Amino acid sequence: MKSVNILIIVAFLIGAVKAASGNSTVSVEAPTIVSTVFKYDPSKTAAAVAGALYSVASLCLFTRLFMNKAWWGLCLPIASTLMSVGFFMRIPMATNPNSLPIFMVQQLLTLLPPAAYLAFNYILYGRFIVNCVDRRYSWIKPERVARYFVISDITTFLIQGGGGGMEASKTATSQKLGANILLAGLVLQTISFAFFMILVLYAWHGIVRDGLLFREEPWGAILWILMFSSTAYMIRCIYRVAELGQGNGGYLVTHEIYFYLLDSLPLLIGICTYIIYWPTKYLEASAKSVYNMTGRV
């Protein structure tokens, strides 16, 4: 699995750079929905590479999930699969740049699935606190963490979806309003996720303060995994905010390569972390450890 993960990331990086680097400028023909929003002609090759690699990642994640019967983590491979479809939809979108249905489906399937990646981390955090350490290490009751943050993400999900749909309008006013709504949703999502990362760091600090050594605990890898994947997701959040914050015609918006290197790649790295370190292994080992010491889970 480790070699598969590395190959996925390396192949994505090489393929995206080669395919997208030559598609940074908009066509000189009459403006279309795609050229108006993206300011470049989307690369079919880059979209195919990204879609294929996300498909491989999805297959690996589904394999991990079914092997461990960890149904609580179903949101991760499903979202990855939907995102792979979103990348593949960029191919017909490039061929039919004035098709509103294709554009909207592509936008929704590349903008919205990352919310499920974040949800997976929320659920994992709660299970880690409850099953591996102590509830006092969490600012918020661990059973409620996923609920609160998922509600927050659903709210920002709806805001982003509405903004993404309005961006496809052919009127400048609606496009600008849609971009502003989308930006607001991304900013709120970024702030919300930043609070979650602070929550993880708070638990980390408490555990270290009490003298627990990560390397000696069966659950030791979980916090590292959470922080690494969350950092990758945060890179994407910051990029998205910066991209839309530059406004229509900004440097990031007009260069497709940054969409792949600062959006799609960090997300891929984040979800591929769980291909190598599927958390059930560490959660179950911790439960067994507690059972051996106390006679109960």
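Student: How far apart are the end C-alpha atoms of helix α7 (residues 114–132)?
Tutor: Helices here are DSSP runs of H or I, at least four residues long, numbered from the N terminus. The expected span is 1.5 Å times one less than the number of residues, so the 19 residues of α7 should span 27 Å. The model agrees: the end C-alpha atoms are 26 Å apart.

Tutor: A word on the source: this is a predicted model, where local features need pLDDT of at least 70, side-chain atom pairs count only at pLDDT 80 or more, and totals for chains, interfaces and linings use all residues. Residues are numbered from 1 along each chain as its sequence is written, and side-chain values use heavy atoms, without hydrogens and water.

Student: How many of the 19 residues of α7 are buried?
Tutor: Buried means under 20% relative accessible area, exposed over 50%, and partly exposed in between, with a 1.4 Å probe and protein chains only. By that cut-off α7 is mostly covered. The count is 15.

Student: What reach does α9 have from its first C-alpha to its last?
Tutor: Helix α9 covers residues 172–209 and has 38 residues. At 1.5 Å a residue, 56 Å is expected. The model comes close to that, at 55 Å.

Student: Is I191 buried, partly exposed or exposed?
Tutor: I191 lies in helix α9. Its relative accessibility is 43%. I191 therefore counts as partly exposed.

Student: And G206, buried or exposed?
Tutor: G206 also lies in helix α9. Its relative accessibility is 3%, so G206 counts as buried.

Definitions and conventions:
Helices (H or I, at least four residues) and strands (E, at least two) are DSSP runs, numbered from the N terminus.
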